Amino acid sequence: MRDTGEYLFTSESVSEGHPDKVADRISDTVLDAFLAADPYSRVACETLVTTNRVILAGETRGPETVTPELLTHLTRMAIRDIGYEQDGFHWATAGVAVHLHSQSSDIAQGVDSAGNKDEGAGDQGIMFGYACRETATLMPAPLYYSHEILRTMRDLRKAGDLAAKGLLPDAKSQVTLRYVDGKPVGATSVVVSTQHEDGLEQAEIKRMLWPLVEGILPKGWMCSEEEFHVNPTGNFVIGGPDGDCGLTGRKIIVDTYGGASPHGGGAFSGKDPTKVDRSAAYACRYLAKNVVAADLADRCTLQISYAIGVARPLSVYVDLQGTGRDVDEIRLEKTLRDLMNLSPRGIREHLHLNRPIYVPTSAYGHFGREPDEARGTFTWEKTDLVPALKAALGR
């Protein structure tokens with residue numbers, strides 16, 4: 001983003017009941033089932049959801065105890081937890097088809113460790129990480145507030161709170177912020193579209209959501225009433241997979257930085273941590289966040305690249321976007337490589353990724369979340385590398 005002048009920037013989020021997020025949730029449910037049975041399972045699961053139907057497809061390698069029957073049951077429980085008990089998509093009546101087969105032996109021979117050969121990357125690709133000082137979570141503000149709006153709506157809906165009475169699982173949000181000299185100063189528009197029970201009027205939903213959104217944004221940031229757009233089509237009763245087909249991996253900008261940073265293109269959900277699409281993207285966020293948390297810069301973009309079957313990254317690139325504090329970016333690149341083993345195995349071990357920790361990542365973003373020591377989730381959000389980073393750079 002620019003450091004001078006005035007401009008607008010927009011990010012969006014989607015709820016756990018959005019069709020694509022339902023698919024992500026189911027794919028990560030399958031992944032967690034395999035990792036719970038064997039932490040070294042290999043999983044690449046894609047999910048399609050549509051009117052009262054779920055289809056799982058992809059490649060796995062893991063214990064035979066993870067049966068199609070078990071995955072069908074877990075799929076139904078995931079749909080139930082999201083809140084779908086509608087005629088067009090119901091956890092108890094939806095057809096679930098499991099089409100998972102064994103991982104390709106060609107891929108396995110390149111990825112597996114053997115003899116003196118370390119475990120290689122599961123695919124070629126480029127991954128990005130980003131951090132900035134716009135919020136306490138070191139995430140871009142438009143995306144942060146977009147997520148917070150939907151998270152709060154979800155919590156109220158599940159608690160049966162009157163503030164969300166009549167709202168259903170499928171929802172989207174979009175926040176446009178005005179920036180002055182690189183810093184957000186207020187919202188110029190907010191969009192919220194939410195599925196609702198039949199008979200709930202658009203004006204009533206807008207009255208319901210105004211105080212919710214105003215309370216989430218910083219004081220004085222709320223847009224005008226004319227720029228607060230709620231269910232702009234006027235009606236949103238048919239939603240979720242009954243209203244639109246959902247697929248795993250179609251919300252990658254929502255999952256990452258809301259468009260404020262480059263994205264490598266690879267989706268996360270349903271992939272075990274040998275897939276660098278996921279694990280290396282987590283490592284990039286971890287390193288970028290620690291750079292900013294160490295007060296070395298106000299913004300940091302980091303890129304890592306890999307080749308399939310090759311353990312070491314081919315490149316590490318750091319861009320402080322002109323906000324660095326007497327830091328040489330080339331030296332910082334070398335320092336980060338020295339402080340963290342960026343091979344697939346090294347990343348997994350450093351961030352403790354071979355655990356069933358992925359369902360919570362499937363909605364409301366993979367980044368900017370609070371690490372949970374008890375559950376072992378979001379380890380890549382820790383800033384525990386700060387002391388070593390400062391010491392290595394003589395700070």
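Two strands count as paired here if DSSP finds at least two bridges between them, with strands (E, at least two residues) and helices (H or I, at least four) taken as DSSP runs numbered from the N terminus. The model is a predicted one, so local features need pLDDT of at least 70 and side-chain atom pairs count only at pLDDT 80 or more, while totals for chains, interfaces and linings use all residues. Residues are numbered from 1 along each chain as its sequence is written, and side-chain values use heavy atoms, with hydrogens and water left out.

Strand S2 (residues 42-50) has S3 (residues 53-61) as an antiparallel partner, held by 9 bridges. Along this pairing, Thr47 sits opposite Leu56 of S3. The S2-S3 hairpin has 2 residues between its strands, and Asn52 takes a positive phi near 50° there. S2 also pairs with S11 (residues 246-247), again antiparallel, through 2 bridges. Val49 has Gly246 of S11 as its bridge partner.

On the helical side, the axes of H4 (residues 141-159) and H5 (residues 202-216) come within 10 Å and cross at roughly 130°. Axes are lines fitted to C-alpha atoms, for helices over the stretch in contact, with angles running from 0 to 180 degrees between N-to-C directions. H4 and H5 are therefore oblique to each other, since angles under 35 degrees count as roughly parallel, over 145 as roughly antiparallel, 65 to 115 as roughly perpendicular and the rest as oblique. The contact (heavy atoms within 4.5 Å) involves Tyr145, Glu148, Ile149, Thr152, Met153 and Leu156 of H4, plus Leu209, Leu212, Val213 and Ile216 of H5.
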